[in-house]
Amino acid sequence: YTLAVADSAAGLQSSGTGNPVIADASTGKATSVTWPGAPKYGYTVTGTGATIDAAFSGSKYAGFTSTGETIATRAAATGGTADTISITNRVAIDYTVASGGYTDTLTYTVTPNYN
């Protein structure tokens with residue numbers, strides 16, 4: 001299987017005056033970074049059994065992309081042991097972020113691999 005994640009927007013968005021945004025931690029997994037601090041929004045991935053993309057090694061964080069990116073794969077059958085994949089979303093704000101509610105829509109897609 002492959003597990004991918006896609007974002008419907010460019011960071012956390014508010015419907016407040018001027019539609020403020022909390023920016024992504026990076027432009028995607030290819031530019032993943034150690035947590036950059038506030039104000040940023042991103043995610044990291046860990047797991048067992050599945051192959052987690054190397055972009056997340058060393059606790060690196062990536063920003064979500066609208067086109068979607070594969071974050072974990074498994075080439076062979078899982079057998080009797082379940083894989084575990086943990087996706088940690090993180091947001092940090094500071095005084096520069098406008099007050100209000102911020103939202104985002106993420107889509108996770110698992111595509112089976114039948115061998």
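**Reading the model**

Reply: Let us begin with a loop residue: G100 is found in the loop between β7 (84–92) and β8 (102–103). Strands here are DSSP runs of E with at least two residues, numbered from the N terminus. The model is predicted, so local features need pLDDT of at least 70 and side-chain atom pairs pLDDT 80 or more, whereas totals for chains, interfaces and linings use all residues. Residues are numbered from 1 along each chain as its sequence is written, and side-chain values use heavy atoms, with hydrogens and water left out.

Me: Is G100 buried or exposed?

Reply: Buried means under 20% relative accessible area, exposed over 50%, and partly exposed in between, with a 1.4 Å probe and protein chains only. G100 has a relative accessible area of 56% and is therefore exposed.

Me: What is the order of the open sheet of 3 strands?

Reply: That order is β3-β2-β8, and the pairing is antiparallel. Here β3 (21–22) and β8 are the edge strands. Strand β2 (residues 12–14) pairs with β8 over 2 bridges, and Y102 in β8 is the bridge partner of S14.

Me: Which residues of the largest nonpolar core touch the most other members?

Reply: In soluble globular proteins, nonpolar side chains tend to be buried together. A nonpolar core is a set of buried Ala, Val, Leu, Ile, Met, Phe, Trp, Tyr and Cys residues joined through side-chain atoms within 4.5 Å. The largest one holds 17 residues, and I22, Y43, F56 and I71 touch the most other members. Two or more residues come from each of β1 (2–7), β4 (40–48) and β6 (69–73); β4 gives the largest share, 3 residues. Contact means heavy atoms within 4.5 Å. Leaving out residues up to four places away in sequence, I71 touches several residues, including L3, V5, Y43 and F56.

Me: Which backbone oxygen does the side chain of R74 reach?

Reply: A polar contact is a pair of N or O atoms within 3.5 Å; within protein, one must be able to donate a hydrogen and the other to accept it, and residues adjacent in sequence count only if both atoms are side-chain atoms. The side chain of R74 reaches the backbone oxygen of A77 at 3.2 Å. R74 lies in the loop between β6 and β7 and is buried, at 19%. In strand β4, T44 has a side-chain polar atom 2.7 Å from the backbone oxygen of K60.

Me: How many aromatic pairs does a search of the whole structure find?

Reply: Rings of Phe, Tyr and Trp (its six-membered ring) pair if their centres lie within 6.5 Å; planes under 30 degrees apart are stacked, over 60 edge-to-face, and the rest tilted. The search finds 4 pairs. The W35 and Y61 rings have centres 4.9 Å apart and planes at 70°, so this pair is edge-to-face.

How values were computed. Helix = DSSP H or I, 4+ residues; strand = E, 2+ residues; numbered from the N terminus. Pairing = 2+ DSSP bridges.
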